Amino acid sequence: MKSRKDDIAAIGSQFAIDGTFIEGEEVQSGHINTTYLAAYRNEDGGIRRYIFQRINENVFPKPLVVMKNIERVTNHINRKVFRKKRDFGGQTLNLYPGRDGKNCIAGGSGGIWRCYNFIEGCKTYDVVENTRQAYQAAKAFGAFQDLVSDLPIERVEVTIPGFHDTPERYSRLIKAIKSDPCDRVKDVQQEIGFITSRESITGVLLDHLAAGRLIERVTHNDTKLNNVMIDEQTDEAVCVIDLDTVMPGLALYDFGDLIRGATSPVAEDETDASKVEMRLPMFEAIVEGYLETAANFLTPLEIDLLPFSAKLISLETGIRFLTDHLEGDKYFRIHRDNHNLDRCRTQLALVKSIEDQEEQMLDFVKKWHRA
Ligand code: ADP
Ligand code: GN1
Ligand code: MG
């Protein structure tokens with residue numbers, strides 16, 4: 001019988017990488033793609049590691065368009081980093097082509113796979129451990145937005161239409177509540193009540209966009225903490241990863257997602273939502289890190305809306321988890337019963353915690369920006 005290791009070696013043999021395959025394992029973090037880490041021994045005895053990823057076609061129905069975007073974005077960033085010698089500690093994300101020269105390969109058992117260099121000496125965190133990590137992650141995502149700010153927006157295609165269209169996410173939840181395909185609505189009345197009483201905020205950012213008060217930029221769109229590689233020794237953010245959702249979007253959703261993912265003391269899937277809290281010191285560290293790299297391109301309105309954006313995307317993510325729970329867990333990978341419901345509950349607890357502290361958050365942003 002073929003083992004997982006054989007499968008990983010077979011995938012690796014289709015990429016233009018040198019050396020002899022020694023080992024491979026699955027990386028568990030991330031809700032979307034299948035990710036393998038593979039190690040190769042080179043002729044000189046040195047070890048090189050790579051990441052092989054199968055793009056989730058349920059989430060990204062056009063994987064080749066995702067790859068085109070990633071190729072453009074990584075080329076753009078790597079060219080600039082090289083020119084300016086301005087890097088995040090020396091490592092950037094590079095695609096390794098297939099042996100046929102294409103930027104991805106077709107896996108034996110189906111699916112589209114890509115290969116990246118493994119970012120060495122780093123790890124990702126699901127829960128932030130200290131304000132330095134929060135600051136560093138925010139600085140890296142701000143720098144990422146800055147690096148792609150001169151990439152013409154039409155060079156990056158929309159891979160998931162309406163990805164951060166919160167009103168549309170809300171409508172889909174309402175549809176799932178009405179159809180209730182898994183008979184789960186009866187158990188989530190409290191969550192539904194919490195969300196529906198906040199419907200009026202779902203359209204705030206898109207209304208500003210429609211009125212021309214906000215503009216779309218090339219954004220990352222998935223700036224959660226475990227999408228940035230952090231140096232194990234120094235806690236420095238070395239490299240932003242997970243570029244699948246890089247597309248036109250609002251910078252505010254990226255900032256808000258940082259707060260969502262890097263301020264709570266417990267994981268996104270904590271079963272006791274009373275432990276969730278938006279911790280102000282983490283918020284402040286994220287504002288400082290983000291504005292250090294992003295303040296030069298953000299407008300005053302964007303800066304004013306930073307705290308609001310954290311509340312909005314936490315609500316949006318709660319809506320998405322609840323919708324998936326009601327629809328039968330078809331989108332986010334789950335590892336236990338009610339996993340998406342637990343995730344939804346932490347998001348809603350975060351919304352509440354942000355609401356309780358929104359004024360202090362805004363005061364801090366204004367003070368920091370004036371300074
Ligand atoms: P998903 O969309 O499933 O979240 P990611 O691209 O975020 O996929 O990858 C999942 C995990 O794999 C990341 O959280 C990280 O731990 C690891 N990973 C991905 N790319 C790299 C890389 N180039 N170097 C090191 N680890 C990586
Ligand atoms: C997914 O791919 P991953 O695990 O980094 C999702 C994000 C959600 C996040 C919630 C393409 O991120 O939008 O905010 O889960 N990515 C996609 O943890 O839907
Ligand atoms: Mg990820």
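A residue counts as buried under 20% relative accessible area, exposed over 50%, and partly exposed in between. In this predicted model, Lys 84 has 46% relative accessibility and therefore counts as partly exposed.

Lys 84 belongs to helix 2, which covers residues 63-84.

## Salt bridges

Side chains of opposite charge can pair when their charged atoms come close. There are 21 salt bridges in the structure.

One of them joins Arg 4 and Glu 26, with 2.9 Å between the closest N and O atoms. Arg 4 is in helix 1 (residues 4-12) and Glu 26 is in strand 1 (residues 20-27), so this pair ties together parts 22 residues apart in sequence. Arg 4 is partly exposed at 41% relative accessibility, and Glu 26 is partly exposed at 24%.

## Links between distant parts

Arg 49 and Glu 120 also form a salt bridge, their closest N and O atoms being 2.9 Å apart. Arg 49 sits in strand 3 (residues 47-54), while Glu 120 sits in the loop between strand 6 (112-117) and strand 7 (122-123); the pair links distant parts of the chain, 71 residues apart. Arg 49 has a relative accessible area of 30% and is partly exposed; Glu 120, with 32%, is partly exposed.

Lys 311 meets Glu 358 in a salt bridge of 3.0 Å, N to O. Lys 311 lies in helix 10 (residues 306-327) and Glu 358 in helix 11 (residues 339-370), so the pair ties together parts 47 residues apart in sequence. Lys 311 is buried, because its relative accessible area is 10%.

## A network

Salt bridges also link Asp 183, Lys 186 and Asp 187 in a network.

Notes:
Residues are numbered from 1 along each chain as its sequence is written. Chains are lettered from A and ligands numbered from 1 in the order in which they are written. This is a predicted model: local features need pLDDT of at least 70, side-chain atom pairs count only at pLDDT 80 or more; totals for chains, interfaces and linings use all residues. Side-chain values use heavy atoms; hydrogens and water are left out. Helices (H or I, at least four residues) and strands (E, at least two) are DSSP runs, numbered from the N terminus. Buried means under 20% relative accessible area, exposed over 50%, partly exposed in between (1.4 Å probe, protein chains only). A salt bridge is a side-chain nitrogen of Lys or Arg within 4 Å of a carboxyl oxygen of Asp or Glu.
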